[in-house]
Amino acid sequence: MVDFKKLTEKMYANATPEERARIDAYNAREAKFDLTRRQIEATFTRFAERPRATPVRNGPKTETYPERTWTKMIDVRIEDASHSAREYEIIRFIGGSTGHEAYELDEEFATLLTKGGWAEPDTMWICAGSVRYDGCAVSTSDIIDYIREMRPQLLGIWKQLAPPPPRAKISF
């Protein structure tokens, strides 16, 4: 059996100073992202394909249908991203169908969540699914609660938040 912890320690000990700096930077970045990690419940749907009962002459000959549905916990976290010298944040869903479920986290995304801009009420499909990949959906209220905790300014509620409780006055 491979002891990955021991292997990692050995590789780090044998690394050059430049490689260690890169490893340390990566570990610091991951630790920062993991501060925002939370678990939410996701609903997965397995799709299958069957021949159409009455196929259209020039149309699709098969149809996709949901075969099985189940729920499990997945992780969500906020990460830094950049593209073409533009810095922004993304919300990444870890444990979804493909492993690439992520959305840019901005006011437009938050507005779509709060105003029901998704196809199904109170459901956000992070992966629509196909015969090759399971569909994966999460509750929009869970995502709104997560954003309310991590980035309340995106929901426009930062002005509505209650002020902190007054500090006790100390007199001498």
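**Salt bridges, a helix face and a patch**

Asp-34 and Arg-77 join their side chains in a salt bridge, 2.8 Å from N to O (a side-chain nitrogen of Lys or Arg within 4 Å of a carboxyl oxygen of Asp or Glu). This pair links distant parts of the chain, with Asp-34 in helix H2 (residues 17-34) and Arg-77 in strand S2, 43 residues apart. Helices (H or I, at least four residues) and strands (E, at least two) are DSSP runs, numbered from the N terminus.

The model is predicted: local features need pLDDT of at least 70, side-chain atom pairs count only at pLDDT 80 or more, and totals for chains, interfaces and linings use all residues. Residues are numbered from 1 along each chain as its sequence is written, and side-chain values use heavy atoms, leaving out hydrogens and water.

Arg-77 counts as buried because its relative accessibility is 5%, while Asp-34 is partly exposed at 35%. Buried means under 20% relative accessible area, exposed over 50%, and partly exposed in between (1.4 Å probe, protein chains only). Asp-34 also forms a salt bridge with Arg-37 (3.0 Å, N to O). Both arginines belong to a salt-bridge network of Arg-29, Glu-30, Asp-34, Arg-37, Asp-75, Arg-77, Glu-79 and Arg-92. The structure holds 14 salt bridges.

Another of these pairs is Glu-89 with Arg-151, whose closest N and O atoms are 2.7 Å apart. Glu-89 lies in strand S3 and Arg-151 in the segment after H4, so the pair ties together parts 62 residues apart in sequence. Arg-151 is buried at 17% relative accessibility, and Glu-89 is partly exposed at 22%.

An α-helix has 3.6 residues a turn, so residues three or four places apart point the same way.

Ile-91 lies in S3 and is buried at 0% relative accessibility. Beyond its neighbours within four places in sequence, Ile-91 has contacts (heavy atoms within 4.5 Å) that include Val-76, Arg-77, Ile-143 and Tyr-146.

At the surface, Phe-4 in helix H1 (residues 4-13) is exposed, with a relative accessible area of 58%.
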